[in-house]
Amino acid sequence: MDVTFKIKRYDPEVEAPESYWQDFSLTLDDSATVLDGLIKIREEIDGTLSLRCSCRSAICGSCAMRINGHAGLACKMQVRLAVDDDNVIIIEPAGVMPVVKDLVVDFDMFWSKIMAVDPYLRPEGPEPDAEYIASNEAMLHLSGVTACIMCGACVSDCTVMEVDPTFLGPAALAKAYRFTADPRDGDAQGVSRDRLEALNGPTGMWDCTRCAECVEVCPKGVAPMDRIMALREQAINAGFDNTYGARHAEAFSSSLEHSGQLDELRLVPNTVGVFNLPVLLNMAPEALRALTHGKLPPIIHKKIENADRVRKLFRRVEDPDRS
Amino acid sequence: MKYAFFPGCVSRGGCPELYPAAKLICQRLDIELQEMPGASCTGAGVLQEKNEFLGDTLNARTFAMAEDLGLPIMTICSTCQGVMSQANHRMKSNPEYLAKVNVELAEEGLEYNGNAEPKHLLWILIEDYGLEKLEPLITRPLAGIRLAPFYGCYILRPTNALDFEDNPERQNSLERLIETLGATVVDFAGKTRCCGFPILTINEKNSMAMVGKHTAEAKDLGADAMVTPCPLCHLNLDAFQPKASAQAQRSIDLPIIHMPQAIGLAMGITPKDLGLQRHIVSTKALITKLGVAAG
């Protein structure tokens, strides 16, 4: 198979370094992976091409990079599936993290965020006589999230980190969930209140936009966004319900409960607080423009037909006495 | 062709121009729409943060209503589409879970049998209707107009819930539609990214940074307008573009068009009937370039 690798390169050691594209044409077996191709280029065409790799088996997490615009492991992607109609494949370094050279990025930011969530068990209360016991059933649901190989693909393509590198991000939040959902972590009931309180703050769980890029690019099925949604549910259930995020979910849900559909007009004041003048005034220009363009949602909010049935459903499902 | 119509809250709330525009073009396409006045909001992924089972049950309720009508569901919102597809995926792949949902539905005499396949109008046009059948209805091709596609996350990801494997054409459906309308596609990196709307009230700075980044990128590539199948993206990209522009400290001024409006313009429907005067970012320059009277 004759293919062209179009690679985004960067050499920090030249004067006024800038990234540039370079094409490499080569012949590969039909079974070759993208990593096979990159190694061949480095060994046979241009020894200066820098990349990280080790296991070649999607286990070590070293070779995450952007392949045709999306993050993934070079060793897990077959070339024949990645090429376009002209047999071209586009390779870039992972996003968000600074490029060191060619396809090598600086992982300091990645690791500092992992460290920030205390990635180890923190049981509270008196120590048991022997080891901490967790039943198989209580641990099974963690098998997905413990599959993380820290490759950074999710961080590379996170739409929030792209505009705000202070966000804890999908990898660290999924790692945090691995502990908040572990029955041995936290209090006697397995509730990790301290962790949830910390993750509930700025740059934490509520800054995720639910864009699902991380779910899509994760090579190991960790589904970080789903873990972030589970963290939100845990935080609300643990009583941390006074953030804009939690109040937004609450206001949204109560609107649905009462009318079956969203009352857009009252969603913002109910989220930020009806007396929160600074925030409401900040939104005033948009509200005024909507009004003058005939776009302000109806003042009198309409209910769906038989809205009482939806209300009853909410009450049944949300009944705290229900087992 | 007949569908159970699920217009979603925003097409009649924050983007009231979308609902009539969608109905108007469906009339021209001879697609019959049956409303479901008892159907609730999907939960938009927000209710699901609090209680996923409750959200899934609400969607199963809508699916059961459509099954009773014997009709497939049509959406006109990327977010409704994604949330419905995700709920459907969870229920269809787990019969025990579906049975649990049906226990709740039985209380009001409903049952979901797992046969619903909600589809956005965008997918319907390509998969059910056929772009070749749309072509003869294009009486005013958007020749010379440069349109940047903006999908909305929920109609793109996660791909397993959206059945992309069996329907690979969904990946570039919007570009194909734009080409069919006679316009030029402006390809840009932001087309599959997030508009920032879900965090608007939570982290406005980040939300505005996203609006600014994507609209400015399309504008700098020479787009006359951006076209989106998602009214939530529209709200952020249009209504909040002035704020995003101020934060980015640059002018952007890129009109954001709902997908049915773009189709309607190419069908010769007047900009006024399509509600283009209701947009926050003025659509006047676009209408002038099209060479039609505003209506």
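## Chain A: overall layout

The centres of domain 1 of chain A and domain 3 of chain A, taken over C-alpha atoms, are 48 Å apart. The model is predicted. Three domains divide chain A: domain 1 (2-105), domain 2 (108-237) and domain 3 (244-318).

The C-alpha trace of chain A spans about 70 × 70 × 40 Å along its principal axes. Its secondary structure comes to 13 helices and seven strands. Chain A has 323 residues, and 42% of them are buried. Take the contacts in chain A between residues at least 6 apart in sequence: 63% of these join residues at least 24 apart.

## Chain A: a helix pair

Two packed helices are described by the angle between their axes and the distance between the axes. In chain A, helix α10 (residues 244-259) packs on helix α11 (residues 264-272) at an angle of about 140°. Their axes are 8 Å apart. That angle makes α10(A) oblique to α11(A). The crossing of α10(A) past α11(A) is right-handed.

From α10(A), the contact uses Y244(A), R247(A), H248(A), A251(A), F252(A) and S255(A). From α11(A), it uses L267(A), N270(A), T271(A) and V272(A). By class, the residues of this contact are five nonpolar, four polar and one charged.

## Chain A: positive phi in two loops

Most residues other than glycine have a negative phi, and most peptide bonds are trans. A16(A) has a positive phi, near 50°, and is not glycine. A16(A) sits in the loop between β1 (2-9) and β2 (20-27) of chain A. With 4 other C-beta atoms within 10 Å, A16(A) is exposed.

N68(A) also has a positive phi near 50° and is a residue other than glycine. Its place is the loop between β3 (64-67) and β4 (70-73) of chain A. N68(A) has 16 C-beta neighbours inside 10 Å, so this residue counts as partly exposed.

## Chain B: two domains in contact

Chain B divides into domain 1 (2-120) and domain 2 (138-290). The centres of these two domains of chain B, taken over C-alpha atoms, are 24 Å apart. Across the boundary, 23 residues of domain 1 of chain B contact 25 residues of domain 2 of chain B.

On the domain 1 side, α1 (18-29) and α4 (78-92) of chain B are the elements that give two or more residues. α4(B) supplies the largest share of that side, eight residues. By class, the domain 1 side has 11 nonpolar, 10 polar and two charged residues.

## Chain B: α3 against α5

Helix α3 (residues 52-69) and helix α5 (residues 95-106) of chain B have axes that come within 10 Å. These axes cross at roughly 70°. α3(B) and α5(B) are therefore roughly perpendicular to each other. α3(B) passes α5(B) in a right-handed crossing.

The contact has four nonpolar, one polar and three charged residues. An α-helix has 3.6 residues a turn, so residues three or four places apart point the same way.

## Chain B: a cis peptide bond

The peptide bond from R157(B) to P158(B) is cis. Its omega is near -10°. P158(B) lies in the loop between β5 (146-149) and α8 (173-180) of chain B.

## Where the chains meet

How many residues of chain B are in contact with chain A? There are 44 residues of chain B in contact with 48 residues of chain A. On the chain B side, α2 (47-50), α3 and α9 (204-220) each supply at least two residues. That side has 20 nonpolar, 14 polar and 10 charged residues.

Helix α11 (residues 241-248) of chain B has cover from both chains. Its buried residues are Q241(B), K243(B), A244(B) and S245(B). What covers them includes α12 (277-292) of chain A, together with α9 and α10 (231-239) of chain B. Q249(B) follows α11(B) and has a positive phi, near 55°.

Technical notes
Residues are numbered from 1 along each chain as its sequence is written. Chains are lettered from A and ligands numbered from 1 in the order in which they are written. This is a predicted model: local features need pLDDT of at least 70, side-chain atom pairs count only at pLDDT 80 or more; totals for chains, interfaces and linings use all residues. Domain bounds come from an automatic or database domain assignment. Two residues are in contact if their C-beta atoms, placed from the backbone, lie within 7 Å. Helices (H or I, at least four residues) and strands (E, at least two) are DSSP runs, numbered from the N terminus. Ala, Val, Leu, Ile, Met, Phe, Trp, Tyr, Cys and Pro count as nonpolar, Asp, Glu, Lys and Arg as charged, and the others, Gly among them, as polar. Axes are lines fitted to C-alpha atoms, for helices over the stretch in contact, and angles run from 0 to 180 degrees between N-to-C directions. Angles under 35 degrees count as roughly parallel, over 145 as roughly antiparallel, 65 to 115 as roughly perpendicular and the rest as oblique. A crossing is left-handed if the near helix is turned anticlockwise from the far one by less than a right angle, and right-handed if clockwise. A residue is buried if 20 or more other C-beta atoms lie within 10 Å of its own, exposed if 12 or fewer, and partly exposed in between; C-beta atoms are placed from the backbone.
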